[in-house]
Amino acid sequence: MEHERAFRTYLPYGNGQEIETDMQENYIVGVDIGGTHFRIGSIDADCFVHVFRKVKVTEIFRSGNPLEDLKDYLRLYLEEERLTGKVKTFSIGFPATLNRERTVVLQAPNVSYMENLPVVEYLSKYFGVPVFIDRDVCMTLHYDLRQLGIPKKGILIGCYFGTGIGNVICIDGKPLIGRDGVAGELGHIPVPGSREICGCGNVGCMESIAGGKYLAKLCREVYTDTRIEDIFTRHGSESLLRDFVDRMAITVATEINILNPDYILIGGGVPNMRDFPLDLLEEMIRRHTRKPYPEQALKLHFVEDGGMKSVIGAGIYGMERMSDDADGIRMLS
């Protein structure tokens, strides 16, 4: 199995400085499961990443039993990296909706084999340590909040454009979950006139025409001689791409107009593509945002896309969940 890996520890927020480690302390294993890649690393108390790996999702989930495949790979990772007995929890981000209790993966529109998976019960029983799960976009947000030094107060929205559209709404540092656990599905705003079939089962969802899957479709059907990573370099000034950016802007502006947030983060693989027109995206967001407010006071934070950020974010999330659980136990004792 081929994978990218790092045997040393990398500073997550610094200049890439490397430090040696004896791997003697307890770790949180952070995992980011995407539509294409599976990333994993062991996070220490200072948020340093150890033995980072990046592998193809298809190399891990191939038996038809995703829970068994996930358990087997986590066990293999611990054995090969000599981490058995040194892990205090697993923290895993899924590209999916989860139940309110954050114990079961309900549905992953872009990863069809992940549906109704009791991940927490299954993995915690096997490994004998706590397991925390959330949406992958929430893990990314935890990293970005730490990186930008954004306080946990007020209303914050994170809009991440990748294969689909990830969205997080936080109120005073707490993600809005909703009655069923599926709040913030901004990518599933219905678009009049669109007949694109979405992975969620509906027709005409915004992420089908404002996410990376639409760019891939353009490369298959229109720009057949263009690689997706070059699409903005070669065709960014054309109407198909400008309309695509406008739909991204409509998505963000819709949430801004409803929530009037204090902080707005925009990231993901799409706005970080080569020659992506960030200035045009901001111009269009402002065009669609209500005047004079909230447009007049609008401040957008464009965040970079990084190979390890979601793994680090998962580690931060795991630390916070363990701290919250410990506080709850102390309050009851």
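Start by selecting D32: setting aside neighbours within four places in sequence, D32 is in contact (heavy atoms within 4.5 Å) with H37, F38, R39, G93, D136, S310 and V311. Before moving on, note that this is a predicted model, in which local features need pLDDT of at least 70 and side-chain atom pairs count only at pLDDT 80 or more, while totals for chains, interfaces and linings use all residues. Residues are numbered from 1 along each chain as its sequence is written, and side-chain values use heavy atoms, with hydrogens and water left out.

**Stop 1: around D32.** D32 lies in strand β4 (residues 27-33); helices (H or I, at least four residues) and strands (E, at least two) are DSSP runs, numbered from the N terminus. Is D32 buried or exposed? D32 is buried, with a relative accessible area of 8%; buried means under 20%, exposed over 50%, and partly exposed in between (1.4 Å probe, protein chains only).

**Stop 2: other charged pairs.** The structure holds 21 salt bridges. Select K152 and E320, whose side chains meet at 2.8 Å (N to O) in one of these salt bridges. This pair links distant parts of the chain, 168 residues apart: K152 is in the loop between α4 (136-148) and β12, and E320 is in helix α10 (residues 309-332). For a network of salt bridges, pick E68, K71, D72, R75 and E79.

**Stop 3: the sheet.** Switch to cartoon view and find five strands forming an open, mixed sheet in the order β14-β13-β12-β15-β16. Strands count as paired if DSSP finds at least two bridges between them. At the edges are β14 (174-175) and β16 (300-302), each pairing on one side only. Helix α9 (residues 278-288) packs on the sheet and touches β15 and β16, its direction making about 155° with that of β16. These axes are lines fitted to C-alpha atoms, for helices over the stretch in contact, and angles run from 0 to 180 degrees between N-to-C directions. Finish with β12 (residues 155-161) and β15 (residues 263-267), which run parallel and are joined by five bridges; Y160 stands opposite G267 in β15.

Technical notes. A salt bridge is a side-chain nitrogen of Lys or Arg within 4 Å of a carboxyl oxygen of Asp or Glu.
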